[in-house]
Amino acid sequence: MPAAAKPATLAKQLTLSPPSETGEPAEGRENRDKKNKKGECPRALAAGPSGEKFASALLAWFDVHGRKHLPWQQQITPYRVWISEIMLQQTQVTTVIPYYERFMQRFPDVRALAAAADDEVLHLWTGLGYYARARNLLKAARTIVAEHGGEFPETLDAVQALPGIGRSTAGAILAISKSQRHPILDGNVKRVLTRCFGIEGFPGETAIERELWSIADACTPAQRVAHYTQAIMDLGATVCVRSRPLCVVCPMHEFCVARREGMQAVLPTPKPRKERPERTAYAAILQRADGAVLLERRPPVGIWGGLWTFPQFDDRVDAVTWMERHTGDSSLATLALPPYSHSFTHFDLNLQPLLVRDAREQPAVADAERYCWYDVKQPAKIGLAKPAVDLIRGLAERVE
Ligand code: SF4
């Protein structure tokens, strides 16, 4: 047990003073302040339980409190676990359930998914966000059919080689569906481990991540690995939550370093902050007299890749010129709708929608691959980018 053995020894060496008025033990607080001022290695705080103790406490908790009736926990197959794991990335369980059930009904196995049209998959994904996940699912399904005869691969390397599947997701799929012993380290697990073992430093840094993988490995049991994997994800999602973790009911309560030293609010260490750049763009909304709006398909890669949205321009003049060209009207009355904001991982987008009502249809717009008139009363089954969904809803509300 390479990484956790050392913390376990350190745990015995810690003698804790009574808590201060803030609930934080005085000695732990002083030690931490001293270490932080001197800039010493934060590893000295790594004083959690042994891997065995961690796993057995977690499994005992799971037997009583773990979630066992979620749709992907029934009729378990690698395919079903894979789809759930991808949907659950950055998305809450309650949001995922209806999407998962619709998806499984339409694509019950990997062959059905591999044969699907891109647009239909993106349509079923509309609203879940992070559309690269859906595009990668399709690519991976087609790879499984082309290179693995339609059978989900059963080795960690082969699963990890599929598009959109990292080490943690591959480990979770094989642990849950095949009871193979692999550690996992998604965002929830990182939070549990950094707190329980007192690991300071941003978990995205290579050295910290390596240490966390080592602890995750030390904690993963050989027996009941499927339950353990479900359990650690559950604990992070329901008890060791981001703010105000429920330490009182946590199975790690007794030996968690963060709980003992009052560090729940500062672990995991947040990413060093950078200024988020802002971008402004203009959405050109042409609306026909019958209410249909003109949408453009985004290029297959990049933001909202392959999804339909309103043509977007960095410059207002370009947006108006484009609308004039596509309506054959050089004296258009454009109406500026309320601005729309959207946050991406690396920047904030301020979108200014420009509306032209009663737009005339031009033959130039006959490129069905790139443009389509979208009937808001009888919506086509296509994948819409989030701004298109929200702006179309806003247009409907304006009419009502
Ligand atoms: S005791 Fe609190 S901080 Fe520690 S693992 Fe449990 S919920 Fe998280």
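This is a predicted model: local features need pLDDT of at least 70, side-chain atom pairs count only at pLDDT 80 or more; totals for chains, interfaces and linings use all residues.

Biologist: How do you know that the span of helix α13 is close to the expected one?

Modeller: Helix α13 covers residues 225-238, which makes 14 residues. The expected span is 1.5 Å times one less than the number of residues, and for α13 this comes to 20 Å. From its first C-alpha to its last, α13 reaches 20 Å, close to that expectation.

Biologist: Why is α13 called largely enclosed by the rest of the structure?

Modeller: A residue is buried if 20 or more other C-beta atoms lie within 10 Å of its own. In α13, 11 of the 14 residues are buried, so the helix is largely enclosed. Among the buried residues are Val225, His227, Tyr228 and Gly236.

Biologist: Which helices do the buried residues of α13 pack against?

Modeller: They pack against α3 (51-65), α10 (167-178) and α11 (187-196).

Biologist: What makes strands β1 and β7 a pair?

Modeller: Two strands pair if at least two bridges are found between them. Strand β1 (residues 278-286) and strand β7 (residues 348-356) have nine bridges, in the parallel sense, so they meet the criterion of at least two. One of the bridges links Leu286 with Val356.

Biologist: How do you know that β5 also pairs with β7?

Modeller: Two bridges join β5 (residues 335-336) to β7, and the strands run antiparallel. The required number is at least two, so β5 and β7 pair. Ala336 has Leu354 as its bridge partner in β7.

Biologist: How many residues join β6 to β7 in their hairpin?

Modeller: The hairpin passes through four residues.

Key. Residues are numbered from 1 along each chain as its sequence is written. A residue is buried if 20 or more other C-beta atoms lie within 10 Å of its own, exposed if 12 or fewer, and partly exposed in between; C-beta atoms are placed from the backbone. Two residues are in contact if their C-beta atoms, placed from the backbone, lie within 7 Å.
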